[in-house]
Amino acid sequence: MTGEAAPAAPEVPAPEVPATGVPGEVAPQGPRLHELAERYLWLFEDSPVAKYVCDVEGTVLEVNAALCRWLGLGAEDLVGRTLGSFAIDPLIPVKDLQPFLSGQDRTYRGVRTYRAADGKPRRAMVTLGAIRDANGAARTIFGDLEDLTVHELALTELDRQRHRLEMAIEASNIAVWELDVISGRVTVQDRPAGAASFREQNMTYGDFVRTFHPDDRHLLPPIRVLRSQAGTELDLELRSGVAFGPVNWVHLKGRAIVGDDGRVVRVAGTTADVTEPRSQRAELAAQRDRLELALETAGMMAWELHLGPRPLFNAIRADLLGIDIPAALVVSGIATAPVFGDRVARADREVVNRALQEGLQPTRQVLELEYRWHDDSGMLRWAHTRARAEYDDTGRLVRVTGTTADVTATRREVSGRLRAERILSLTVGASPDAFIGVDDRGVVTDWNPAAEAMFGWFRDEVVGQRLLGRVGGADSRGLAEVLASMNDASMNDAGMNDAGMNDPGGAGADGTSARREVEVVTRDGRHFPAEVSVVRAEDDGRPFFPLLVRDLSERKAYESQLVRNALFDPLTALPNRALLVDRLSGALRRLSRVPGLLAVLFIDVDRFKHINASLGRQAGDDFLVEFAHRIRAGLRPADTVARLGSDEFVVLCEALESEREAMALAGRLGAVLAAPFVVQDPRHREVYASASVGIAMSSDAATDAETLLRDAGTAMNRAKEQGGGHAEVFDAEARRRSVAHFEVESELRRALEHGELCLYYQPVVDLTGRLEKVEALVRWSHPSGRVVLPSEFVPVAEATGLIVPLGETVLHMACEQVNRWRTQHPALAHLGVAVNISGAQLRPHDAVHQLSSIIEATGLPLGALILEITESVLMDERTGAVAKLSALRSLGVRLAVDDFGTGYSSLLYLRRYPLDMLKIDRSFVAGLVDNPEDATIVDAVVRLGHSFGLQTVAEGVETAEQLRLLRSLGCDMGQGHFWARPLPPATLLSQLLADGMVQPIQL
């Protein structure tokens, strides 16, 4: 192995070599053997490291491909020979190998030089390992060779580079520094001026920081920051020296070096004296700043084009023109420079190219042109360019310098001024207002066509003449004052003060304006109101006065009409509500000075809608005009009659002595209206009408006009509710009822929204006491804690239309509750429920669908529901009740007539409607024992119902005697306090479950 005879190894029995080639291991079988063989091939044969196997004598047994490549020999050249035979170095002494061979050392490492096949030496680090016997002696040796040739060449190259670096440092006058962040020591290498060799200084990081100016030391990061931030780079300029000594500027650069663990271990960099370059840069920057400031002030870009083999375009403040170009832009020539080329608007390109060809000649001094040009955003701008060409001695163009300014705003301003002047000229010529120009002497200088049409004077007849002599007329004071207020005394001296006005004194400022309404006169002597607007302007220091004169005749007439329309009814010419309220407020205020009594009569025509619907709107208008005329004819001269709208009129009477006088006035009005009215239909037709009158009186000046009108309206509604055709006087009780009605309506709406309604239930039994059904009765759980009965809110609901959502809510709650009882309690599985519905719920065309949908949504069988309807609903043909109730009956819903005998009873509806039962009103049951007439009525109703096949139900049963008589008359069912009062659901349920037969209770 060494090329030197090694001592013979002691003879020991050869161990059984397993398939792995590793002595002492039991050979694995099957796949395991194959897997180990594959690993060995990969670790040995395919390794990029040169490897070999030899015996203890050094004879090579096996080599890998990497070793063959490294020596340039084949395996056949190496196997069977010692590797030492290829070594250039002396043989390794046996004493150096003995510790490894005997097992004292696990490995051996040494540097050896070998000669390759090409004759060149190869240096390598040899590492030996061994497979040993039971005594630890090496039996088979493995060797790795690490190529040191490249490493040594790198060291040589590093020396050369270090030498070049020192030369560069010396030439550039820089210093090299390195910080060990672990120890905090800094090493600085430099070569001071005049020194023969490099010097090396060692210091702490704190001393290194203190070599810089005190005010700049904070720029250097603390050492703890340098330790923690991998990849830290330093690049800054700071001052060196002491606070009051000589100061130099130093450019310090540095970069962190990271160790194997990823943390910063060193920071290395350079320092260079940049005092002089910094001063030069500062001066250049100041010059450039001054140039850029001048360019920014002027709004222009400075540029220079160097022509030659590679033309370059340089620009300063190109951003002022909306372009972004690099500091040095390569172009192909002057025509492609950014200020020209494709940016020029297509319409201006020919002009620009021709100007460049003709303007950049040696004989021309400066090229100057304006053209349209696109910036980077594509916006079109106007550019003004000035350029100068420079030629060399041979006459060749070498440089073009110039400036380009954005003159878009200036061009727009000029264009806008020209356009404004043109528009003004056209506007003045086409204006419907008269435009008149007057100089400081009051002489007309301009007179447009509208002035000719307005005043009747032609332009040639007026220009050069004094204005007041033509349009001022005999009374020209108003116009003269307008003009004089705009001028100084010179105008008055020139004849502008013909009306005898005083000198206003002082001169008006340029741009001062005035506006005034005056009266002017036309050529034919017609006077009319006009609005004169005048502005004082100056031209070459002399004032002149443009006037606009607008004819106000139509506007005044229109304003007058507007005032009339705002205060008077256009149909009857009577005062409207606004004027009435104003006059009524004035009358109330007068009561504070002159005590008395005033009355407001609110008049509403009875059944006026019938007139409109029957005879048409024109006939209705004719009627109202005649109606207003008759009312006015029946009043005193001081009284006021007004129309509030449609068929509502109000009469205001002051200075009355008593309420009787107001009632007498209402009587006279009734007599006046008694005669027939004649209207067009389209023929003459007589119409008779009456009116309902509400009267409100006041002797208190503190009364509000709107309150008095409201009170009179309330009294009128009361008269109309009582049949109309007469007068009612308002009283406090009527107001209270009206306010209460409104409050109940508002609270009822809230109750429906917030679910404040609840249901009580009263049993309905056959006269043996067996429970048949329950009747659902609505209650209102008021937020005040009071339970409100239906009599207090149902009439309000019927009057306001709230009865429809209220009825739907009651129907849904009742069906849902009874269906829950039927489902949860077998003893109540037969239970039915009776619910009242109003006529309003039957009016919609889809009423049957709405009602059946509510019932089906609750799950209650339709046959378990009884709908109770009053006689008035059955008699109201508007509801279409016959078809709708028949449809509900066909679905299985049962029908009952509630309060039978109290309405407009008719045997006809008993035959027409598919009814199931009649409910005898409680007023007849109450007199059953003591009043023979009531007993006769009850007997008749029972017999009538049975004759039509209807069941009868007696309401309001309270005593055992009433029950006995009802049984004797054959009545089928009853309900009342004798069995149970209306009860909440939980209370009634406990009683029903206690005994399905409802027992009488003590009253």
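This report walks through charged pairs, a pocket, cysteines and strands in a predicted model.

## Charged pairs

Let's start with a simple idea: side chains of opposite charge can pair when their charged atoms come close. Across the whole structure, a search turns up 43 salt bridges. One of them links two residues whose numbers follow one another, Lys95 and Asp96, with N and O 3.3 Å apart.

## Pairs along a helix

Now look at helix H19, which covers residues 617-633. Here Arg630 and Glu626 form a salt bridge, and their closest N and O atoms are 3.2 Å apart. The two residues sit four positions apart in the helix, so about one helical turn separates them. Arg630 counts as buried, with 12% relative accessibility, whereas Glu626 is partly exposed at 29%.

Helix H31, residues 932-947, also holds a pair four residues apart, Arg943 and Asp939, separated by about one helical turn. Their salt bridge has its closest N and O atoms 3.1 Å apart. Arg943 is exposed, with a relative accessible area of 58%. Salt bridges can also be joined into a network: Glu775, Glu868, Lys919 and Glu955 are connected in this way through shared partners.

## The largest pocket

How much space lies in the largest pocket? The answer is about 840 Å³. The pocket is lined by 31 residues, and those closest to its centre are Leu777, Pro790, Val794, Asn836 and Asp898. If you sort the lining by class, you find 14 nonpolar, eight polar and nine charged residues.

## Cysteines without disulfides

How many disulfides does the structure hold? The count is zero. Cys54 is buried, with a relative accessible area of 0%. Cys68 also counts as buried, at 14% relative accessibility.

Next, find strand E18 (residues 434-439) and strand E19 (residues 444-447), which pair in the antiparallel sense over three bridges.

The hairpin made by E18 and E19 has four residues between the strands. In this hairpin, Gly442 takes a positive phi near 85°.

Finally, visit Arg516, which lies in strand E20 (residues 513-521). In a regular strand, the side chains alternate between the two faces of the sheet. Is Arg516 buried, exposed or partly exposed? With 35% relative accessibility, Arg516 counts as partly exposed.

Along the chain, Arg516 and Val482 are 34 residues apart, yet 7.1 Å separates their C-alpha atoms.

Methods
Residues are numbered from 1 along each chain as its sequence is written. This is a predicted model: local features need pLDDT of at least 70, side-chain atom pairs count only at pLDDT 80 or more; totals for chains, interfaces and linings use all residues. Side-chain values use heavy atoms; hydrogens and water are left out. A salt bridge is a side-chain nitrogen of Lys or Arg within 4 Å of a carboxyl oxygen of Asp or Glu. Buried means under 20% relative accessible area, exposed over 50%, partly exposed in between (1.4 Å probe, protein chains only). On a 1 Å grid over the protein atoms alone, a cavity is a set of points where a 1.4 Å probe fits but cannot get out, and a pocket is an open set with protein on both sides within 12 Å along at least five of seven lines; lining residues have an atom within 4 Å of a point. Grid points are joined across faces, edges and corners, and a volume is the space filled by probe spheres set on the points. Ala, Val, Leu, Ile, Met, Phe, Trp, Tyr, Cys and Pro count as nonpolar, Asp, Glu, Lys and Arg as charged, and the others, Gly among them, as polar. A disulfide is a pair of cysteine sulfur atoms within 2.5 Å. Two strands pair if DSSP finds at least two bridges between them.
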